[in-house]
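Please open the model in a viewer and keep the sequence panel at hand.

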Amino acid sequence: ELKCEWEYKSKSYLAGWATSQVKLKKFASLEEAQAVCLTLGDDCGGVTYSKKWQYTLRRGKEFQSNNPEQSWMKVCNGGAPLFRVTSISPGRGSRVGGTRITIPGQGFSKNQL
């Protein structure tokens with residue numbers, strides 16, 4: 001069974017419209033847009049929100065940055081867990097950031113990090 005999750009990123013967008021059939025279609029809710037995106041299979045990479053366009057279906061499969069929009073990328077697999085984190089070290093870091101961390105696990109890919 002195909003299982004999908006939604007990876008969120010603020011200040012980003014997904015490039016390209018999902019299909020010509022939904023190119024200028026605006027959805028009032030995230031849930032509605034995600035439901036339609038799931039029905040489009042590989043033609044839809046996710047959902048992007050902007051004040052001007054509301055929720056729109058996008059083809060892109062990578063986040064594009066430096067933008068006031070918000071995006072949810074569809075990440076699907078055949079039913080196995082997408083990935084599994086086995087630990088995170090160190091367990092603490094500086095409050096101002098800059099601490100390098102190691103996250104070992106299974107099922108990671110470059111596009112997920």
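Predicted model: local features only at pLDDT ≥ 70, side-chain atom pairs only at ≥ 80, totals over all residues.

Select Asn67 first. Neighbours within four places in sequence aside, Asn67 is in contact with Lys11, Ser12 and Tyr13, where contact means heavy atoms within 4.5 Å. Asn67 belongs to strand S4, residues 63–77; helices (H or I, at least four residues) and strands (E, at least two) are DSSP runs, numbered from the N terminus. With a relative accessible area of 18%, Asn67 is buried; buried means under 20% relative accessible area, exposed over 50% and partly exposed in between, with a 1.4 Å probe and protein chains only. The side chain of Asn67 reaches the backbone nitrogen of Glu69 at 2.8 Å.

Residues are numbered from 1 along each chain as its sequence is written, and side-chain values use heavy atoms, with hydrogens and water left out.

Next, display the strands as a cartoon. In what order do the four strands form the open sheet? The order is S1-S4-S2-S3, with antiparallel pairing; two strands pair if DSSP finds at least two bridges between them. S1 and S3 are the edge strands, each pairing on one side only. On average, neighbouring strands of this sheet are turned by 20° against each other, direction ignored; axes are lines fitted to C-alpha atoms, for helices over the stretch in contact, and angles run from 0 to 180 degrees between N-to-C directions.

Now select S2, residues 46–50. Four of its five residues are buried, so S2 is largely enclosed by the rest of the structure. S2 pairs with S3 over five antiparallel bridges, and a hairpin of three residues joins S2 to S3. Within this pairing, Thr56 is the bridge partner of Thr48, and Val47 stands opposite Leu57. Towards S4, S2 pairs over four antiparallel bridges, and there Val47 has Trp72 as its bridge partner.

Helix H1, residues 30–39, is the next selection. Its buried residues are Leu30, Ala33, Gln34 and Cys37. Why do they lie on the same side of H1? They cover an arc of only 95° around the axis, the arc being that of the directions from the helix axis to the C-beta atoms. On the other side of H1, Glu31 and Thr39 are exposed. The cover over the buried residues includes S1, S2, S3 and S4. Just after H1, Gly41 takes a positive phi of about 60°.

Finally, show the aromatic rings. Rings of Phe, Tyr and Trp (its six-membered ring) pair if their centres lie within 6.5 Å; planes under 30 degrees apart count as stacked, over 60 as edge-to-face and the rest as tilted. By this rule there are four aromatic pairs. One of them is the tilted pair of Tyr8 and Trp72, at 5.1 Å centre to centre with 50° between the planes. This pair links distant parts of the chain, with Tyr8 in S1 and Trp72 in S4, 64 residues apart. Tyr8 is partly exposed at 41% relative accessible area, whereas Trp72 is buried at 12%. Select Tyr49 and Tyr55 as well: together with Tyr8 and Trp72 they form one aromatic cluster.

Methods: Polar contact = N/O pair within 3.5 Å; in protein donor to acceptor, adjacent residues only side chain to side chain.
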